[in-house]
Amino acid sequence: FKIDGVGMHYKMPVAALSSITNRVTGVAMTGGMFGLAVVSLTGDAVGTIEAAKAAAPLLVAPAKVAVTFPIIFHYMAGVRHLVWDTYHIGNQTDKSLLDKDSVEKSSNALFAAAIVASGLVAAL
């Protein structure tokens with residue numbers, strides 16, 4: 001059916017986006033560690049980083065965000081899952097941290113906190 005004459009509309013739930021982001025950040029960290037290991041085995045990792053900083057100083061802050069966001073987001077998402085795993089789930093009459101509204105709120109808070117924390121690290 002058509003809502004506004006254009007066609008079907010679907011908005012990806014923020015809980016799904018946070019789940020996908022958690023998986024992507026895990027893969028990104030694995031790739032980053034692999035890259036760092038390759039550089040370390042074939043040369044000087046610290047020297048390579050310092051050379052990149054000297055060659056492109058404007059990219060230092062975005063690079064810091066690119067490195068810290070996956071770490072911070074993945075860590076915080078893991079803590080959230082630990083809370084979910086140990087918290088009383090409830091039943092149809094009790095509120096739960098796994099209710100749709102609670103999951104949406106915690107997903108929004110997770111994104112906001114990770115973005116702010118990554119920005120603060122990049123500013124240092």
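How are helix 1 and helix 3 oriented to each other: parallel, antiparallel, perpendicular or oblique? Hi everyone, let's work towards that together.

A quick word on the model. It is a predicted one, where local features need pLDDT of at least 70 and side-chain atom pairs count only at pLDDT 80 or more, while totals for chains, interfaces and linings use all residues. Residues are numbered from 1 along each chain as its sequence is written, and side-chain values use heavy atoms, with hydrogens and water left out.

So, the overall picture. The protein has 4 helices and 0 strands, which gives the order α-α-α-α from the N terminus. Helices here are DSSP runs of H or I with at least four residues, strands are runs of E with at least two, and both are numbered from the N terminus. Of the 124 residues, 19% are buried, meaning under 20% relative accessible area with a 1.4 Å probe and protein chains only; over 50% is exposed, and in between is partly exposed.

Now back to our pair. Helix 1 covers residues 14–42, and its axis lies 9 Å from that of helix 3, at an angle of about 125 degrees. The axes are lines fitted to C-alpha atoms over the stretch in contact, and angles run from 0 to 180 degrees between N-to-C directions. Under 35 degrees is roughly parallel, over 145 roughly antiparallel, 65 to 115 roughly perpendicular, and the rest oblique. Helix 1 and helix 3 are therefore oblique to each other.

Which residues meet there? On the helix 1 side they include Ser-18, Asn-22 and Met-29, and on the helix 3 side Phe-69, His-74 and Arg-80 are among them. Contact means heavy atoms within 4.5 Å. The residues of this contact divide into 7 nonpolar, 6 polar and 1 charged. Nonpolar covers Ala, Val, Leu, Ile, Met, Phe, Trp, Tyr, Cys and Pro; charged covers Asp, Glu, Lys and Arg; the others, Gly among them, are polar.

Let's stay in helix 3, residues 60–86, and look at Thr-68. Is Thr-68 buried or exposed? Its relative accessibility is 14%, so Thr-68 counts as buried. Beyond its neighbours within four places in sequence, Thr-68 is in contact with Ser-118 and Val-121.

Finally, Asn-108 sits in helix 4, residues 100–123. Asn-108 counts as partly exposed because its relative accessibility is 45%.
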